[in-house]
Structures are given as C-alpha cells and as structure tokens.
Amino acid sequence: MLIGISPVIGPALLDTLFRMGHGDEIVLADAFFTGDSLNSRVIRADGLRIPALLDGILALINLDSYVEHPVIMMQPVPGDELDLSVERAYREVIDRRWPGTPPTERMERFAFYERTKKAFAVVMTGETVKYGNIILKKGVIPV
C-alpha cells in the first residue's frame, strides 16, 4: 500500500495513469460495456463504482485544460431516459478535485465506441447504472 494513493487504484491502473501522456484518454466503463471488443488495453476494477475511481484517479492526474470538453459521457439512445443523478455524482467528484472543469459533453453511443477504440485504456468497473460510462482526457501537470 502506498501513502496518499486511494486503495481503489490498483497497480495496473497506477501504471496506466503514469504512462498516459497529456491528451491521452481513459474510459471508465460500466460492468456491461464491451471494453475488450473495443480496446486492447483493458484494466479490471470489478466491484468498484465509478465515483470512487474518479476520486482516486483525479487525485493523481489533472484534466486537459486545453480542450473544450475533457469529460465525455454517452448520450442516451432515442427513447431511453437519462438518470441525471449519475452525471451529478460524477460531477461532484470532478468539480471538487478540479474546479472550473467545463461541462460534460454527451456523445452518441456509436461515436463513443469509436472514441473508446482510440483511448489509451479502458477500465472495466463494477458500475451498474445505465449510461455510466465516462471518458477523461489527461492534462498537462501545472508547473
């Protein structure tokens, strides 16, 4: 165990966050996401909820301040309802860790999948909320 690093951040995730460069993206995917079909670098975080992972991750990296939307979530397919409490729970963590982060962008489902293919990594979580997937774009460490 390392001091100051959340216990939800396992060795593989810590290594991945370290290896990511500015502008690289990481997908925090719900338990139903097709991560292995879309990306070759998949990290397992079974049983962990995304807000806890967000808190642990955003204690270690900052979000990209040079892009309009460093945080992206999937928009619902036509006819589906969106549970706004999911984004609120994520934003509570994001805004506490990195105040001033622009609003979350919503992306069409298949465009989200295409973006996932280009992501640095996918973290498969234990999250079970509908439309709980989120993409984070890593920023440059302020000096």
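I took buried to mean under 20% relative accessible area. The model I am reading is a predicted one.

**Entry 1: helix 3**

I looked up which residues of helix 3 fall under that cut-off, and found Ile 50, Leu 53, Leu 54, Gly 56, Ile 57 and Leu 58. I then asked what these buried residues pack against.

Next I took the pair of helix 3 (residues 50-58) and helix 4 (residues 84-97), whose axes lie 9 Å apart at an angle of about 15°. Angles under 35 degrees count as roughly parallel, so helix 3 is roughly parallel to helix 4. I noted the crossing of helix 3 past helix 4 as right-handed.

For the contact itself I wrote down both sides. Helix 3 supplies Ile 50, Pro 51, Leu 54, Asp 55 and Leu 58. Helix 4 supplies Ala 89, Tyr 90, Val 93, Ile 94, Arg 96 and Arg 97. Sorted by class, this contact holds eight nonpolar and three charged residues, and no polar ones.

I traced the strand order as 2-5-1-6-3-4, in an open sheet of six strands with mixed pairing. Which strands stand at the edges? They are strand 2 (42-45) and strand 4 (105-107); each has a single partner strand, so one side of each is left without a neighbour in the sheet. I noted an average twist of 25° from one strand to the next.

Strand 2 and strand 5 run parallel and are joined by four bridges, with Ile 43 partnered by Val 123 of strand 5. Strand 5 also pairs with strand 1, in the parallel sense and over four bridges; here Ala 29 stands opposite Met 124.

Strand 1 (residues 25-29) and strand 6 (residues 134-137) run antiparallel, with four bridges between them. I recorded two bridge partners in strand 6: Leu 136 for Ile 26, and Ile 134 for Leu 28. Strand 6 pairs with strand 3 (residues 71-74) as well, antiparallel over three bridges, and Ile 72 stands opposite Ile 135 there.

Strand 2, an edge strand, has a covered face with Ile 43 and Ala 45 and an uncovered one with Val 42 and Arg 44.

**Entry 2: Ile 26**

I picked out Ile 26, which is found in strand 1. Is Ile 26 buried or exposed? Its relative accessibility is 0%, so Ile 26 counts as buried. I listed its contacts, leaving out residues up to four places away in sequence: Leu 13, Thr 16, Leu 17, Met 20, Ala 121, Val 123, Ile 134, Ile 135 and Leu 136. Leu 136 is also the bridge partner of Ile 26 in strand 6. I also looked up Lys 118, 92 residues from Ile 26 along the chain, and found the two C-alpha atoms separated by 9.5 Å.

Gly 139 sits in the segment after strand 6. I noted a relative accessible area of 4%, so Gly 139 is buried. With residues up to four places away in sequence set aside, Gly 139 touches His 22, Asn 62, Leu 63 and Asp 64. The C-alpha atoms of Gly 139 and Ser 65 are 6.3 Å apart, though 74 residues separate the two along the chain.

I then turned to the loop between strand 5 and strand 6, where Tyr 131 is placed. Most residues other than glycine have a negative phi. Tyr 131 has a positive phi of about 60° and is not a glycine. I put Tyr 131 down as buried because its relative accessibility is 10%.

Notes:
Residues numbered from 1 in each chain as written. Predicted model: local features only at pLDDT ≥ 70, side-chain atom pairs only at ≥ 80, totals over all residues. Heavy atoms only, no water. Pairing = 2+ DSSP bridges. Axes fitted to C-alpha atoms, helices over the stretch in contact; angles between N-to-C directions. Parallel < 35°, antiparallel > 145°, perpendicular 65-115°, else oblique. Left-handed = near helix turned anticlockwise from the far one by under 90°. Contact = heavy atoms within 4.5 Å. Nonpolar A, V, L, I, M, F, W, Y, C, P; charged D, E, K, R; others polar. Buried < 20%, exposed > 50% of the residue type's maximum accessible area, 1.4 Å probe, protein only.
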